[in-house]
Amino acid sequence: MQFHHHGYVSGDPRIQPAAGVGINRPEELPDEVDVLIVGSGPAGMLAAAQLSQFPGITTRIVERRPGRLAIGQADGIQARSVETFQAFGFAEEITAEAYRIVEMAFWRPDPEDPSRIIRTGRAVDDETGISEFPHLIVNQARVLDYFARFMANSPSRMSPDFGFEFRGLEVDDDAEYPVTVTLAATAGPDEGSERTVRAKYVVGADGARSKVRAAIGCTLAGDKANHAWGVMDVLAETDFPDIRTKCAIQSSNGGSILLIPREGGHLFRMYVDLGVVPEDDNGAVRTTPIEDIISRANDIMAPYTLDVRNVAWHSVYEVGHRLTDRFDDVLPADLGTRTPRVFITGDACHTHSAKAGQGMNVSMQDGFNLAWKLGHVLEGRAPEALLSTYSAERQVVAQNLIDFDKEWSTLMAKRPEEFENPSDLEDFYVSTAEFPAGFMTQYTPSMLIAESTHQALATGFPIGKRFKSAPVRRVSDANPVQLGHLAQADGRWRIYVFADAAPAGAASPVADLAQWLTTAPDSPLAAMPEGADLDAWFDIKVIYQQDHRNIDLGAVPALFKPQVGPFRLSDLAKVFGTESREDIFEVRGVDRAGAVVVVRPDQYVANVLPLAATAELAAFFAPQLARNSPAAG
């Protein structure tokens with residue numbers, strides 16, 4: 001963490017100085033905003049947290065509840081989400097309070113006595129080292145709390161506006177604030193009254209029954225599996241030996257349980273198979289009493305017993321897989337003729353079963369994908385065309401999620417005798433580990449993702465996939481660090497310059513690239529407003545092939561030691577050497593001739609180029625940057 005460059009900080013350095021709209025921020029919801037986010041679930045809160053880093057933008061997030069969420073339904077946190085939390089500064093804290101999944105146990109009927117279940121296998125959660133981040137279980141409410149704290153500590157001093165329900169909207173593309181939103185007060189002295197808010201953009205993060213989705217004419221299309229599951233968070237006494245291990249349990253009577261231990265050492269969640277739902281059920285299964293769910297769980301777990309002492313939360317749901325045809329308000333006939341004004345995220349776009357633990361995670365990535373793009377457009381960094389990439393990128397991800405969840409939930413609902421191989425469920429869990437960990441997403445070429453022309457220069461950083469970290473050694477203080485962990489959710493592009501074998505200070509492609517970036521009129525840095533810090537829009541780091549002891553920091557080009565803040569202090573934390581035991585050039589397949597790796601603000605690799613390919617680098621950024629912007633970021 002870096003601070004003091006704006007003056008001495010004696011308090012919590014996570015509390016950034018108020019700026020822009022964060023200075024004298026009005027407590028009451030204003031009549032006009034730049035971005036109005038509807039719904040304070042995971043997608044909405046992450047989007048708001050990211051936008052809170054743009055103090056020149058008025059963002060407000062409304063929620064129909066009167067206050068914070070007390071008990072969340074989602075709890076599975078994939079490694080990609082923890083990686084995202086790292087960028088927002090709370091990965092270590094939330095990991096400390098969470099339950100960490102390291103193994104999954106599989107239980108099946110005992111072949112010698114099918115009335116009993118026995119453990120038939122264990123699978124390591126991340127056997128191949130997909131990520132250095134863990135797979136966690138923690139209540140959704142706590143995730144929202146951390147994002148709320150990040151927002152409150154941001155320059156914008158943002159906080160949710162509770163007690164407002166979305167009623168409808170109208171769009172007039174010719175108006176300065178094109179979207180007029182009608183809200184109704186759900187709490188307080190004005191409960192029941194309506195008011196309007198005008199916005200430049202609206203983000204609907206209001207769940208599976210999204211009214212924003214309905215207002216822009218989108219509908220969820222898909223199917224139901226006609227299979228019901230009871231889910232309960234409970235405190236219980238039991239003789240089941242794996243009660244603190246994630247388990248898939250299949251019984252001879254056809255019932256199944258997915259057991260998820262929860263944070264705190266005692267609470268656990270069970271998804272209990274309630275069987276096939278008749279066509280004429282008309283929702284009756286959703287009224288199944290908690291006593292019946294507990295009884296069913298005991299039947300499945302025999303010979304073990306479950307004595308439930310306390311129920312924190314429970315529900316019944318039917319598996320469904322639905323997806324909207326678009327994630328914004330641009331009709332297919334209008335594609336290319338107008339840019340979006342209204343967007344939907346998370347469960348408003350895609351619904352699926354909860355057993356794959358993907359809903360909250362994919363929803364947060366929806367919010368991350370969209371928010372930085374809104375920030376760049378509203379600050380004048382980028383053209384409005386950037387916003388059309390949100391629906392194009394995230395709809396494919398949602399479809400992949402639904403396809404995966406269909407297969408997983410179908411396997412979970414199978415009777416033991418229906419498997420060709422007894423280990424099919426375990427094999428599927430292991431073979432698809434990269435998907436539930438959140439690392440299968442790979443965006444295809446667009447204005448934000450380059451073709452893979454030069455991918456061979458850095459094979460371990462696949463274009464379109466998230467930037468996978470590796471150890472390096474910081475030259476200025478000799479500290480070993482994870483390169484990717486230094487990227488903050490601050491809306492900046494990352495440009496990682498992997499140097500050739502020449503030492504710092506020698507004539508080299510790195511020196512030539514640094515000179516071009518700082519002086520050329522077609523350099524992306526030339527698009528920044530006059531007077532901005534050199535790293536205001538682009539966080540540019542250099543990684544040399546030498547050991548840190550053999551790198552002369554004084555000879556490193558000034559680009560990699562930018563002067564920042566009002567006192568123009570040199571930032572010496574952007575220069576790195578390699579680790580002898582885990583050389584990043586070897587670990588990530590970076591060519592010894594060097595390479596440039598460009599990474600988006602949401603941590604996805606956008607381009608890989610040779611060090612000398614300045615024309616290609618300029619051409620890549622040209623459609624994304626609005627030249628001579630008045631904003632400084």
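View 1. Asn24 lies in the segment before strand E1 (32-38), and its phi is near 55°, a positive value in a residue other than glycine. This is a predicted model, in which local features need pLDDT of at least 70 and side-chain atom pairs count only at pLDDT 80 or more, whereas totals for chains, interfaces and linings use all residues. Residues are numbered from 1 along each chain as its sequence is written, and side-chain values use heavy atoms, with hydrogens and water left out.

**View 2. Arg568, in the loop between strands E23 and E24.** Arg568, found between E23 (563-564) and E24 (569-570), has a phi near 55°, which is positive although the residue is not glycine. With a relative accessible area of 36%, Arg568 is partly exposed.

**View 3. The cis peptide bond between Ala302 and Pro303.** The omega of this bond is about 15°, and Pro303 belongs to the loop between helix H6 (290-301) and strand E16 (306-324); helices (H or I, at least four residues) and strands (E, at least two) are DSSP runs, numbered from the N terminus.

**View 4. The open sheet E3-E7-E4.** Three strands form this sheet with antiparallel pairing, where two strands pair if DSSP finds at least two bridges between them. Strands E3 (76-77) and E4 (99-101) are the edge strands, each pairing on one side only. Two bridges join E3 to E7 (residues 135-137), and Gly76 stands opposite Ile137 in E7.

Methods: Buried < 20%, exposed > 50% of the residue type's maximum accessible area, 1.4 Å probe, protein only.
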